[in-house]
Amino acid sequence: MITGRDLSYAYGTRRRSTPVLTGVDVDARAGRVLGLIGPNGSGKTTLLRLLHAALRSPTGRVEVDGETVVDLGPREAARRLAVVVQEHGGESTMTVGEMVLLGRTPHLGTFQRTGDADHEAATDALRRVGADHLGPRAFAGLSGGERQRVLIARALAQEATHLLLDEPTNHLDVRYQHEVMTLVRDLATTSVVVLHDLALAARYCDDVVLLGGGRVVASGEAADVLTPEVLEPVYGIRVRQLVVDGETHLLLRPQPTQPTQPTPTPAGGTR
Amino acid sequence: MRNNLLDAVAVAPPSAGPPADPLGLRARSRRTSAWLLGLGVALALTVVAGVGAGAVAVDPLTTLQVLGHHLLGTPGEVTWDPSADAIIWQVRLPRVLLALAVGAGLAVCGVALQAMVRNVLADPYLLGINSGASSGAAAAILFGALAGLGQYALSISAFLGALAASMLVFLVARSGGRVTSVRMLLAGVAVGYALSGLTSFLVFASGSAEGARSVLFWLLGSLGLAQWDGALGAVVVVVLLSTAVLTLWGRGLDALAVGDETAHTLGISPDRFRTLLLVVVSLCVAVVVAAAGSIGFVGLVVPHLARRAVGSTHVRVVPVAALMGAVLLVWADVAARTLLAPQEIPIGIITSVVGAPFLLVLIRRLHATSA
């Protein structure tokens, strides 16, 4: 379980700073998938970075299972939080196996070499993402979908209790988007996923935090947040819910006329 | 591939099961072992050949006898020309040892720097360290700086210049508490330019043609100062320690080479680790440059060769690069001593002339393989 309270962040220098997040609360509940959604520049990725202490919020704090992340130190934090970031090291000449083994780093001393247990964890992680045949291949030679699966395997090899993913479906075609998200959901670990795609959020997330203008506009169970009333003012689009084969889908269309959309007012969210 | 199949048959019955080497690690470590073994043998041969070659050639048997006599005390009786003994033991062996250490040091520092800034064009001189050493050396040669230190004046003055340059780079790169790779690169370039300007000014201000020639010779690199003294000992010890430390930090280098954010998610603080690396690399390069001047291209090309040989996990790349750099530099020095004998060519000219075309070939291959 990850709890973030009163998180804020501003990029830039002290004199000229651009606030990105202000007073954000987040709860990733145990065993559930939490989606972080919002328009471009709403602070989704920044929030994820605050959660795993790649950035530090000057206010508030982040706790993992009741312990403050910053106090844990980098190694201990990495044993609880595994993160799939957008940077993938595509020009690396490592093999897939070596890339996944890197996930064992937080469990090894600085000078300690990997042992049988580590190799087993890495092999097992590759199997869980359905990529066990890729082990000896060159990481740089993989397709986008395969790479993403390998990076998730690296996170799994980390054997952390929580999984954080920053737009894991970016640059993937539709089939792989669903594959990756199915994988995340089936892992049944506490996960936080930054998503652009509202349809994916609706389908795979249990809970959703909707950010707009650096604040939480709405948060709660996915079905309660992903509604026309909540989404329309934030994204400036028309949203309809359709029921197809008994499943609720979101139909997203542009506004009929194209007036310059005022920036969404963060006040008075439907919390 | 064939080895893998044979292994699978030998170890496990041919029933369907998980592949014997699912992570592809065994193939790579076998390859690394083969390279290390081959390079070890090459190193031994190189030492014998390197000690024997020169204006006065000494045949390998005599070379081995002299080395054996000094190192192991065998055989008790001296049956060879005492002048061969002096040439080998007093002149050439320290020089070959220095070449080994300098080559290895430049190679491993190149590997570390390329990982730190995630740029395959990085080399040990990126940080302006050689420019600092040059300024120090110029001050010693032209103005007799630190003359009180006698034979060590040049090396120590160059070392202090190198250290000052790297500290300057470090301070600029670290402003704001974070050492980013871009800031490090830019700071290194800026400091490098400033100090080469200073060196040129020193040469200009001294007005001594003789001195200018010595400075130029030093700038192009030379192993001619090698002798059994504390400077040689310092270089060997520092290079050995740096190689060991960088090998042991291999996994950290792997993570840093993927990216700062990845390193962080794996529990490595990229800023702290980069700072530690910078200290080790600066010290190693400063010692090497102080002893041998700026010898180009070794630190740039050898890391590429090593990665081509054994992949990019640094725990393998660092030792392989060290051996490759050591062997290559001895041969470059042999070429420097013999091509225009008795005149000696600055070794930096050899490494540049050989290294540049080599790099061009590598660059072409690089573009062909990665999209």
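This is a predicted model: local features need pLDDT of at least 70, side-chain atom pairs count only at pLDDT 80 or more; totals for chains, interfaces and linings use all residues.
E159(A) is partly exposed, with 16 other C-beta atoms within 10 Å. By definition, a residue with 20 or more such atoms within 10 Å of its own C-beta is buried, one with 12 or fewer is exposed, and one in between is partly exposed, the C-beta atoms being placed from the backbone. The place of E159(A) is in the loop between α6 (144-157) and β7 of chain A.

Residues are numbered from 1 along each chain as its sequence is written, and chains are lettered from A and ligands numbered from 1 in the order in which they are written.

**Confidence**

The model scores ipTM 0.85 and pTM 0.86. Chain B has a mean pLDDT of 84, with 92% of its residues at 70 or more; pLDDT is the predictor's confidence in each residue, from 0 to 100. Within chain B, helix α1 (residues 2-11) has the lowest confidence, at a mean of 42, and helix α14 (residues 314-338) the highest, at 94. Over residues 1-17 of chain B the pLDDT is below 50, and this stretch has ten contacts in the model beyond near neighbours in sequence. Two residues are in contact if their C-beta atoms, placed from the backbone, lie within 7 Å. Helices (H or I, at least four residues) and strands (E, at least two) are DSSP runs, numbered from the N terminus.

**Strands of chain A**

Strand β1 (residues 2-12) of chain A runs antiparallel to strand β2 (residues 17-28) of chain A, joined to it by eight bridges. Strands pair if DSSP finds at least two bridges between them. A hairpin of four residues links β1(A) to β2(A), and I2(A) stands opposite A28(A) in β2(A).

Chain A also has an open sheet of six strands with mixed pairing, in the order β6-β7-β8-β3-β9-β10. β6 (81-84) and β10 (215-221) of chain A stand at the edges with a single partner strand each, so one side of each has no neighbour in the sheet. Strand β9 (residues 207-212) of chain A pairs with β10(A) in the antiparallel sense over six bridges, and D207(A) stands opposite E221(A) in β10(A). Helix α1 (residues 44-51) of chain A packs on the sheet, where it touches β3 (33-37), β7 (162-166), β8 (190-194) and β9 of chain A.

**A helix pair in chain B**

The axes of helix α4 (residues 82-117) of chain B and helix α9 (residues 230-248) of chain B come within 9 Å and cross at roughly 35°. Axes are lines fitted to C-alpha atoms, for helices over the stretch in contact, and angles run from 0 to 180 degrees between N-to-C directions. Residues of α4(B), including L97(B) and V108(B), meet residues of α9(B), among them L232(B) and V239(B).

**Between the chains**

In the model, 30 residues of chain A are in contact with 27 residues of chain B. On the side of chain A that touches chain B, α3 (74-80), α4 (96-101) and α5 (116-128) of chain A each supply at least two residues. α3(A) gives the most to this side, with four residues.
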